[in-house]
6 protein chains.
Amino acid sequence: MSKPRRGQKVFPAPTDALVTPRFAGISTFMRLPHITDPNELDVALVGVPFDSATSYRPGARFGPRHIRDQSAIIRPYNPALGVNPFTRHRIADFGDLSVNPLSIEDTFTRITEGLAPLLAAGVIPICVGGDHSILLPILRAIHARHGPVALVQLDAHSDTWDQYWGVKYCHGTPVRRAIEEGLLADGLVLQVGLRGQLYAEADFDFSREHKIAWVTGEEFHAKGIPEVQRKLRRFRNHPTYLTLDIDVVDPAFAPGTGTPQVAGLSSAQIVDLVRSLKGLHFVGADVVEVAPAYDSAGITSLLAANLLYELLCLL
Amino acid sequence: MSKPRRGQKVFPAPTDALVTPRFAGISTFMRLPHITDPNELDVALVGVPFDSATSYRPGARFGPRHIRDQSAIIRPYNPALGVNPFTRHRIADFGDLSVNPLSIEDTFTRITEGLAPLLAAGVIPICVGGDHSILLPILRAIHARHGPVALVQLDAHSDTWDQYWGVKYCHGTPVRRAIEEGLLADGLVLQVGLRGQLYAEADFDFSREHKIAWVTGEEFHAKGIPEVQRKLRRFRNHPTYLTLDIDVVDPAFAPGTGTPQVAGLSSAQIVDLVRSLKGLHFVGADVVEVAPAYDSAGITSLLAANLLYELLCLL
Amino acid sequence: MSKPRRGQKVFPAPTDALVTPRFAGISTFMRLPHITDPNELDVALVGVPFDSATSYRPGARFGPRHIRDQSAIIRPYNPALGVNPFTRHRIADFGDLSVNPLSIEDTFTRITEGLAPLLAAGVIPICVGGDHSILLPILRAIHARHGPVALVQLDAHSDTWDQYWGVKYCHGTPVRRAIEEGLLADGLVLQVGLRGQLYAEADFDFSREHKIAWVTGEEFHAKGIPEVQRKLRRFRNHPTYLTLDIDVVDPAFAPGTGTPQVAGLSSAQIVDLVRSLKGLHFVGADVVEVAPAYDSAGITSLLAANLLYELLCLL
Amino acid sequence: MSKPRRGQKVFPAPTDALVTPRFAGISTFMRLPHITDPNELDVALVGVPFDSATSYRPGARFGPRHIRDQSAIIRPYNPALGVNPFTRHRIADFGDLSVNPLSIEDTFTRITEGLAPLLAAGVIPICVGGDHSILLPILRAIHARHGPVALVQLDAHSDTWDQYWGVKYCHGTPVRRAIEEGLLADGLVLQVGLRGQLYAEADFDFSREHKIAWVTGEEFHAKGIPEVQRKLRRFRNHPTYLTLDIDVVDPAFAPGTGTPQVAGLSSAQIVDLVRSLKGLHFVGADVVEVAPAYDSAGITSLLAANLLYELLCLL
Amino acid sequence: MSKPRRGQKVFPAPTDALVTPRFAGISTFMRLPHITDPNELDVALVGVPFDSATSYRPGARFGPRHIRDQSAIIRPYNPALGVNPFTRHRIADFGDLSVNPLSIEDTFTRITEGLAPLLAAGVIPICVGGDHSILLPILRAIHARHGPVALVQLDAHSDTWDQYWGVKYCHGTPVRRAIEEGLLADGLVLQVGLRGQLYAEADFDFSREHKIAWVTGEEFHAKGIPEVQRKLRRFRNHPTYLTLDIDVVDPAFAPGTGTPQVAGLSSAQIVDLVRSLKGLHFVGADVVEVAPAYDSAGITSLLAANLLYELLCLL
Amino acid sequence: MSKPRRGQKVFPAPTDALVTPRFAGISTFMRLPHITDPNELDVALVGVPFDSATSYRPGARFGPRHIRDQSAIIRPYNPALGVNPFTRHRIADFGDLSVNPLSIEDTFTRITEGLAPLLAAGVIPICVGGDHSILLPILRAIHARHGPVALVQLDAHSDTWDQYWGVKYCHGTPVRRAIEEGLLADGLVLQVGLRGQLYAEADFDFSREHKIAWVTGEEFHAKGIPEVQRKLRRFRNHPTYLTLDIDVVDPAFAPGTGTPQVAGLSSAQIVDLVRSLKGLHFVGADVVEVAPAYDSAGITSLLAANLLYELLCLL
């Protein structure tokens, strides 16, 4: 894990697969060094192995581990975008935040506090879930640094429900809570890929009231990326957070997730969609809801690893 | 499993996932009550766990059980169509028909007789296979009630072969038998999704003779739903039966099936296709050939459950 | 699901596999009727699909569903013991208790309250987990009815830790909590099958202080059932609760569990061990920690279903 | 696939793994040549891929294919017995009998007729199932050549039920039918490994009436091979058929089967048990009920392949 | 396996599934006879079970075996092209070439020498890998017969790296080596489906220098087959070799491969793409990199079998 | 990963699962720190992810990664032996040796050279394969430090073959090569667990000539550990190397291996057997042949991790 210098900064480099085979060595995100000092970093890949706020199939706590493993196949240079993110930014595997699988509340505190030093040092956190509940404490940390941010959410579900079984904080509610807590910029929330059944037409009420924009899965299949870009026009220059729930992708491409929803995006579509976000001003991002126990040959984790890589190329 | 009343009818409601988690409770189709009295129903979801007429990989006898399990994720309201089928019709899980895995003949009798009381009471049966051989006894029961019906068949295979190993009744022959028995309306059979190898060009002879229309998988990929709608024009108003063999879908989206065929539809395409059938006059339907032993993380059963739900929304 | 009468009681009978195939019908424990009226029952099989107090691999929330499925293979008569439990006791599937996957505390309340009416009616509850944390609220309900009970615990782990991550209630602590709360009879706790690493020798302190007896896995392999029976002598006639954590069995026989421990019992050994408990005065029992996502061909659920059946034969 | 001569006979030799790797080449039983001329053989390994008489989980039709694959690992010399069966007998892969998955009756005829030329030529058939129903037509063919034979049955189930769903011929009835048809020698039937629940105590009536001897699984675990040998004393010198249902083995060792039963034999026990049968006068044998769709890493097929090899060493 | 004659040639026919079920019989490619005499063949399906030149996940050595198994489902007539290849050409399963898993060099020699007699007899070899390293020795054999050939490569990777860990011959280098050895016609190399990360922009240098043309995955998704056909114009009439690395397909459709790459082609796209190559003058072809240990329900092998069939239809 | 001091040495401590959950953090052996300076260590856990010398099913290159993952469940204190190895010795995860999957020869050099600095510093290496071929270069390094050592080999196979396909160095030959190279002490080689077929009786010749002692699997099942101890008497005090091929265990307990052999040891037996070696003077050890692609729920890696732990307790 050599660290080539450029100017005075040290850019952590992924282990070179032409020197050490991909299957060898201790597993980190994209075979990057494990670095925990925020001052050595511009971007931190941060595992958040928490899934106790899941309503259906648990297991996303093992997401970071399996995404680390599958990310070993990734080489550094992106020919589609002409970018090597590892020579542009100092990027490393920050390790996992400590979580408490027995307490949603304690975990939320740990996440917000765990990210604070990174954000204070100006590091962009790219979190790897874990279930989607982690979005809320991440946004709290982001807000403490950046104020209200725009949100681009790639997801099969709007995650704007009010509560489950009397509990306000779970993986179906973070966007509602974030809006209620004032963490998001007014009118700058876009959800792409929504589909599947709801409880009632009234499920849209909150979104309409709070001017959440969306492109459903059906609309995306029909109109594609231009429709997304049309709705993103107002986001330019605003600090933006990107959250990517892997269930935006179809279960054929991402079986390893907790609440799979048919008729989703293909892997080619999601890669294209993420690349199309180039130009937005991202201050943080995440990929969540990879549940490896339901995966097949690691394809969900592999896709998640590639999407993390594409996120890095957006910065 | 509360039963809200509307007028004098009691509409069975799915167990509410916001009250009881999806993974809890005895497993029924879409978490509906188990109701066996035809007079309490408008639409019956009926399991037909029979697969002894399979020519290749068996296992569809476990289809109803796994589709019940995966259907737990389905919420009641369809935002794409603006419909909640459970408040429109009295729908419940009728349970499974009793079958005889050791006798095709006995099973056919049981199926036809098992459906008769439902049809006599005006209930629309939505059957869940099982292999495709069950189409014939279902159509016999339908015919006894409705006379010759139109048939929309979504399938990789035409199922119009004459026999296998000297046997006339199996999952490769029900459409031919149904036509020979006069169960289908003349010129009102449309097959969508046909693809893969045949034995010879002559395999089309029967279809041509009997004016079966079709849209191949290749044609569907090239021309899409408009081509289907063009061929369906004459079906309007005619009582129609819909049979959906899950192998119309590509093995990536539906690996859990007995005779998988590559180059099939995606899950987004099949959902769109089913929705496009809105407006036809359906008197019954089925989803067949889900073989869970070959599934991956339940994605085939999950898709089948969603397609059952979409069928309910067509009524 | 006929209900043969004996005297004035109606004995629920399992669906007969010689009439309806095992793979047909809505899935219940041992194909028994689903009965929720305590007055119709002597013994209730109760699902408790809760796993949010798990420290490692989650998924036991799906235990009841899969054990129901695998229990379809069980016939009623036990030739090894000469017993048909279904003609001795009125036994049925009570369904699942409602749980809250987002709150350990709320779930504990629901469990204790959910069992109360059963216990009040004199019904013996046989619970199906779920993770081992459910033992505590079950014992609270048992205690409310029976006072302090003896405990026979078949388990790889003593579950007497004090806390995990500052939380007192989880699947590693129920036995300690139960003793602290006075739910167990003094000196009448026996743990069989303990093995694997601990944090330190001091981990035994609590057990020694509270006169918990144990037979380690190593001792069981060396000395067998006589050693267990020797330590059980004082239990005779005392109301006793039996808790069976499936990880007492080796991972080869029960891979589908959350904290597997090698060098465990074989399936033949655990069946023998359970049968050897005949003669104890059981007032309740459970089988916990079956996590189907890690199972192979359902063998863990199948074993759990058989152990539930053997428990029924002990009564 | 060279054929070394010994005297005038040509002894088919397995492909040598030191020359051609085990994973290379067209897959046959133990990498033996595929020979269909009875006159070139002393012993024929015969696939019987039929599973349509199964009462629960189907899939044994794929047994021969997977057992062929896993048998590639077997080397020719048995150090435990000091035997190389391939230099003692002319053994080859006869291929599969043609079966009809849609007709039990037609298949039975095909099996009996398919074995006739082998038996007429003095060849010992070793059949590879397929479900246990094939035992009956095999025994009919054996009887035509040898008259009533003794039967050693290694099995979790006695297979002496009278019928399922009104059908007399299925995988739960072959031993009863064989006795009724006079195919078995009076008082020379021994069943080893019986265990699990029955319908009622009366299930033993037929066995008692017809002097079937048995050693239950529990007895085998307690008393071992000597108990089997004690009951086999009268079999010496009598022409004997050996039928081995893989479910005699525990599901941990043989998950890939249709009606698994816990508390079975280990692989070490079944290998020992088969070897202990040396000295009996076998005129045929089978290994049945391997259902690969439920297998894990091929371990069931691997065990079956080893048991077939051990059978060859008994001759 | 009857052999109908046409003129004086004998055309090997696949076993008829209407006579012998697909799951019965010894497994060969498309149920064709196993023929090793080049003079009886026009086209030979040749297994090359070698994967020791793999850089990441091994297992393609089991590709031929599993593709044989899955090819059992293929019927002879291609309705999309109106072709039955088995009545046009004498096609059979040649078996596997002998390989040496411990030596890349020895294996390369064996492959080149193993194909020589086929090519000398005018047979077109269709090879089934095995990893992509086998392309080089195949092209050496092709070159010895045909001189420099054009190459159409369907692949996620260009395979033009120079070396891995100091070794020149592996599955990432065969195209570079082939060009260096003069095996390919100048300017007649087209690669379709390239995508994923590279080490650096300089990775394209070799391709640019040697006038390799390509259509990336992104370009293919955007422009489709016409873009491929545009670049193939100069290939017409030139002897051409087709190599198809299954990882050109997306992991959802082909999880069973060694270096999966997201955002690939669907099964419908690859089938269309292969069919679009009709009219080229093929002198050989291969399908490589199917690694069954990572497959799901055989879908990768099934797709590979279909692609082999489509290749046969191109000839 | 705190490092408590004892005297002047720093003893690396496993991450405490009561502080950080087992599923969190970058994966190392037993959650130990990753330390590469030999001077900080007494014992090094060293991954050797090489499997290119495998004769049958590859995949052991992923052994170290999966064993690291499964080792997360291990707590520090061994109650059966009353030992906490991590407070006795300075033990850490050394990481993986760099290997070359394309060259057996180069890899052997890398292994021997990679271990040299550890041995020079007096560190005991505990290697984690990888296939069994790595034993030879390990023994070369051991020999360079310690001279000829005794060898205890727990294995289904003797690994004393002379060559495969003309190659002298592979996973079936290391013991023969080690003896030929003089790396092992004369008459001090004991093999335990040998079983399964051989090529011929002559396969024992080499062992007999070189006074290799053995206890077959059959003998171990019959006579147990005392038989092993009897044959180990002469080993006391002699520097001894322990090599543990996971296939010594039965496939039910260790399906994830390359050349599985039925009738092996249970997990309880192998743990007991390893513990019984206490008192020998070990200078190094390994656990090899874990091939995760064939594993089920990680049970093979879990067992391997436990055996590594037990090895540490022997020191």
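Biologist: At what angle do helix α3 and helix α4 of chain B pack?

Modeller: The model is predicted. In it, α3 (residues 104-120) of chain B packs on α4 (residues 135-146) of chain B with the two axes 8 Å apart. The crossing of α3(B) and α4(B) is right-handed. The angle at which these helices pack is about 35 degrees.

Biologist: How do the residues of the contact of α3(B) with α4(B) divide into nonpolar, polar and charged?

Modeller: From α3(B) the contact takes residues including B:F108, B:I111 and B:L115. From α4(B) come, among others, B:L136, B:I138 and B:R140. The division is 11 nonpolar, one polar and two charged.

Biologist: Which strands of chain B stand at the edges of the open sheet?

Modeller: The open sheet has eight strands with parallel pairing, in the order β4-β3-β5-β10-β9-β6-β7-β8 (chain B). A strand at an edge has a single partner, so one of its sides is left without a neighbour in the sheet. From one strand to the next, the twist averages 15 degrees. The edge strands are β4 (91-96) and β8 (213-216) of chain B.

Biologist: Which residue of β8(B) does B:L190 stand opposite?

Modeller: Strand β7 (residues 184-194) of chain B runs parallel to β8(B), and four bridges join them. B:L190 has its opposite residue in β8(B), namely B:A213.

Biologist: At what angle does helix α10 of chain B run to β10(B)?

Modeller: Helix α10 (residues 299-314) of chain B lies across several strands of chain B, including β3 (43-48), β5 (124-129) and β9 (239-245). Strand β10 (281-288) of chain B is also among them, and the angle of α10(B) to β10(B) is about 175 degrees.

Biologist: Why do the copies in chains E and A meet through different surfaces?

Modeller: The contact takes 21 residues from chain E and 24 residues from chain A. On the side of chain E that touches chain A, the residues are 12 nonpolar, six polar and three charged. The surfaces are different because the share of interface residues of chain E that are also interface residues in chain A is only 10%.

Biologist: How far apart are the nearest C-alpha atoms of chain A and chain D?

Modeller: Chain C and chain E have no contact, and their closest C-alpha atoms lie 14 Å apart. Chain A and chain D do not touch either, and for their nearest C-alpha atoms the distance is 14 Å.

Terms used: Residues numbered from 1 in each chain as written. Chains lettered and ligands numbered in written order. Predicted model: local features only at pLDDT ≥ 70, side-chain atom pairs only at ≥ 80, totals over all residues. Contact = placed C-beta atoms within 7 Å. Nonpolar A, V, L, I, M, F, W, Y, C, P; charged D, E, K, R; others polar. Pairing = 2+ DSSP bridges. Helix = DSSP H or I, 4+ residues; strand = E, 2+ residues; numbered from the N terminus. Axes fitted to C-alpha atoms, helices over the stretch in contact; angles between N-to-C directions. Left-handed = near helix turned anticlockwise from the far one by under 90°.
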